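Here is a note for a colleague who is new to reading structures. Please keep the sequence and the 3D view open while going through the points.

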Amino acid sequence: MASPFRPVNTILGAQPRLGPIPADQIIPWFCITGVSYLVGRGFNLSWMAIGFLAAWGMSTWWILTGGQSWKFTAKFVPTPTWSRGYARYLRFIHDETENRQTPPQTRRPIRRHPDPF
């Protein structure tokens, strides 16, 4: 009996990678390397210490986020506070016509004469 599914390319739906490194790790690693360089130059560290600091930061980030970085980083997105409140509507501009005792006069439509030409 034939299979109900057709074979397709197995790379479809896979996470993009750069060798063993997931592609979503590249930008955070550049940021971590830049910060470790700035910290290393600020404290006058050697290149070896800056390299170790960058490697420590990148490995920590990779362990925390893994292949699904959204699971870790989604914890820091503030959730919206939904509330339902009922308040009386108050106008910002006070209308003088509300205090009139007599109703306002309506304007009569303007009658136009036909053009003689």
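1. Basis. This is a predicted model, in which local features need pLDDT of at least 70 and side-chain atom pairs count only at pLDDT 80 or more, while totals for chains, interfaces and linings use all residues. Residues are numbered from 1 along each chain as its sequence is written, and side-chain values use heavy atoms, with hydrogens and water left out.

2. Layout. The protein has three helices and two strands. Their order from the N terminus is β-β-α-α-α. Helices (H or I, at least four residues) and strands (E, at least two) are DSSP runs, numbered from the N terminus.

3. Burial and surface. Of the 117 residues in the protein, 11% are buried. Buried means under 20% relative accessible area, exposed means over 50%, and partly exposed lies in between (1.4 Å probe, protein chains only). The accessible surface comes to about 11,900 Å², and 64% of this belongs to carbon and sulfur atoms. Accessible areas come from the Shrake-Rupley method with a 1.4 Å probe; for residues, only the protein chains shown count as cover.

4. Contacts along the chain. Among the contacts in the protein with a separation of 6 or more, 44% are between residues 24 or more positions apart. Contact means heavy atoms within 4.5 Å.

5. Thr 65. Which helix holds Thr 65? Thr 65 lies in helix α2, which covers residues 47–65. Thr 65 counts as buried because its relative accessibility is 5%. Its side chain has a polar atom 2.7 Å from the backbone oxygen of Trp 61. Not counting residues up to four places away in sequence, Thr 65 touches Gln 25 and Phe 72.

6. Gln 25. This residue is found in the loop between β2 (21–22) and α1. Is Gln 25 buried or exposed? Gln 25 counts as buried, because its relative accessibility is 0%. The side chains of Gln 25 and Thr 65 make a polar contact of 2.8 Å. A polar contact is a pair of N or O atoms within 3.5 Å; within protein, one must be able to donate a hydrogen and the other to accept it, and residues adjacent in sequence count only if both atoms are side-chain atoms. Leaving aside neighbours within four places in sequence, Gln 25 is in contact with Trp 61, Trp 62, Thr 65 and Gly 66.

7. Arg 17. Strand β1 (residues 17–18) contains Arg 17. The Arg 17 side chain reaches the backbone oxygen of Pro 20 at 3.1 Å. Apart from neighbours within four places in sequence, Arg 17 is in contact with Pro 22 and Ala 23.

8. Asn 44. Most residues other than glycine have a negative phi. Asn 44 is not a glycine, yet its phi is positive, at about 55°. Asn 44 sits in the loop between α1 and α2. Asn 44 counts as exposed because its relative accessibility is 65%.

9. Trp 56. Helix α2 also holds Trp 56. Trp 56 is exposed, because its relative accessible area is 57%. Trp 56 and Ser 36 are 20 residues apart along the chain, and their C-alpha atoms are separated by 9.6 Å.

10. Aromatic pairs. Rings of Phe, Tyr and Trp (its six-membered ring) pair if their centres lie within 6.5 Å; planes under 30 degrees apart count as stacked, over 60 as edge-to-face and the rest as tilted. By this rule the count comes to four aromatic pairs. Tyr 37 and Trp 47 form a stacked pair, 5.8 Å centre to centre with 25° between the planes. The pair links distant parts of the chain, with Tyr 37 in helix α1 and Trp 47 in helix α2, 10 residues apart. Tyr 37 is partly exposed, with a relative accessible area of 36%, whereas Trp 47 counts as exposed at 61% relative accessibility. Phe 72 and Phe 76 form an edge-to-face pair, 5.3 Å centre to centre with 75° between the planes. Phe 72 counts as buried at 19% relative accessibility, and Phe 76 counts as exposed at 60%. One aromatic cluster is formed by Trp 61, Phe 72 and Phe 76.
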